[in-house]
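Hi,

Here is the structure I promised to send over. Have a look at it first, and my notes on it follow below.

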Amino acid sequence: MEYYYNQGGQPVGPVDLDALRSVGLTPNTLVWHEGMTDWQQACELPELADLFPQAPVNPIQSNFPPTPQQPPMPQAQMTPSNEPMPPTYLVWAILTTILCFWPLGIAAIINASGVSSAFSRGDIETAKRRSKNAKLFSIWTAVIGFVLAVVLFIVWYTVIVNLGGNNIDNIDLEELYDL
């Protein structure tokens, strides 16, 4: 279970129970975990009761609003299972779209942009699938762009050779425009 505690008026966490017990809680430190309707003093939680042999003399009222759901997690790129976010390949998707073959590049960008959102929702399998698809679409976009560039070069070179022989200085521009 993950806990949050009040330190200087700010919630800190999530931390596990062992880490929570080692942060130097006072009986009046406000603590919260998923399933609680409001923050409570540390001395009121059964799992922390052995840290405080006596109840506090002056209980402090919670000035935190009730928390019906877990406070937002910090913007860390790790899941609760400590699995890192798969690479997005967004830079490669954008570059191959601009420089190579845009129809497949758009698919690469769409998949690459979906990696982060799927990961932040906790949908790790979708994030991995989108990452893999973004990589594949980027590779295929680059390959197709390279093949098209080679074909266009061959066509261009063939036209030049057929019009003026091997010497490019012999090309008649009027004959080139008549094609």
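Let me start with Y89, which is partly exposed at a relative accessible area of 25% (buried is under 20%, exposed is over 50%, and partly exposed lies in between, with a 1.4 Å probe and protein chains only). Y89 sits in the loop between strand 4 and helix 2, and its phi is near 60°, a positive value in a residue other than glycine. Most residues other than glycine have a negative phi, and most peptide bonds are trans. The other backbone point to look at is the peptide bond from G13 to P14, which is cis with omega near 10°; P14 is found in strand 2.

Some housekeeping before the rest. This is a predicted model, in which local features need pLDDT of at least 70 and side-chain atom pairs count only at pLDDT 80 or more, while totals for chains, interfaces and linings use all residues. Residues are numbered from 1 along each chain as its sequence is written, and side-chain values use heavy atoms, with hydrogens and water left out.

On confidence: pLDDT is the predictor's confidence in each residue, from 0 to 100. The protein chain averages 78, and 74% of the residues score at least 70. Helix 2 has the highest confidence, at a mean of 91, and helix 5 (residues 173–177) the lowest, at 66. Over residues 73–79 the pLDDT is below 50, although this stretch has 12 contacts in the model beyond near neighbours in sequence (a contact means heavy atoms within 4.5 Å). Where pLDDT is low, the predicted coordinates should not be read in detail.

Now the fold. The chain has 5 helices and 4 strands, running β-β-α-β-β-α-α-α-α from the N terminus. Helices (H or I, at least four residues) and strands (E, at least two) are DSSP runs, numbered from the N terminus. Of the 179 residues, 26% count as buried. Among the contacts with a separation of 6 or more, 55% come from residues 24 or more positions apart.

The strands make an open sheet of 4 in the order 2-1-3-4, with antiparallel pairing (two strands pair if DSSP finds at least two bridges between them). Strand 2 and strand 4 are the edges, each pairing on one side only. Going across the sheet:

- Strand 1 and strand 2 (residues 10–15) are joined by 4 bridges, with Y5 opposite V12. They form a hairpin with 2 residues between them, and G8 in the turn has a positive phi of about 65°.
- Strand 1 and strand 3 pair over 3 bridges, and Y3 has H33 as its bridge partner in strand 3.

What packs inside? The largest nonpolar core has 16 residues, and those with the most contacts inside it are Y5, L20, L25, V31, A42, L48 and F52. A nonpolar core here is a set of buried Ala, Val, Leu, Ile, Met, Phe, Trp, Tyr and Cys residues joined through side-chain atoms within 4.5 Å. Strand 1 (3–7) and strand 3 (30–33) are the elements that give two or more residues to this core. Leaving aside neighbours within four places in sequence, L20 is in contact with Y3, Y5, V15, L25, V31 and L48. A second, separate core of 5 residues includes V115, F119, I124 and A127.

There are 2 salt bridges, counted when a side-chain nitrogen of Lys or Arg is within 4 Å of a carboxyl oxygen of Asp or Glu. K128 pairs with E83, the closest N and O atoms being 2.8 Å apart. That pair links distant parts of the chain, 45 residues apart: K128 is in helix 4 (residues 124–164), and E83 is in the loop between strand 4 (40–41) and helix 2 (90–99). K128 is partly exposed at 37% relative accessibility, and E83 is partly exposed at 23%. The other bridge joins R121 and D123 at 4.0 Å, N to O; R121 is exposed at 57%, while D123 is partly exposed at 30%.

Finally, the unreviewed UniProt entry annotates residues 89–115 and 136–159 as "transmembrane region". UniProt positions are given in the numbering used here, feature names are shortened, and annotations may be inferred rather than shown by experiment. In the model, residues 89–115 are 89% helix and 0% strand, with end C-alpha atoms 9 Å apart. Residues 136–159 are 100% helix and 0% strand, and their end C-alpha atoms lie 34 Å apart.

Cheers
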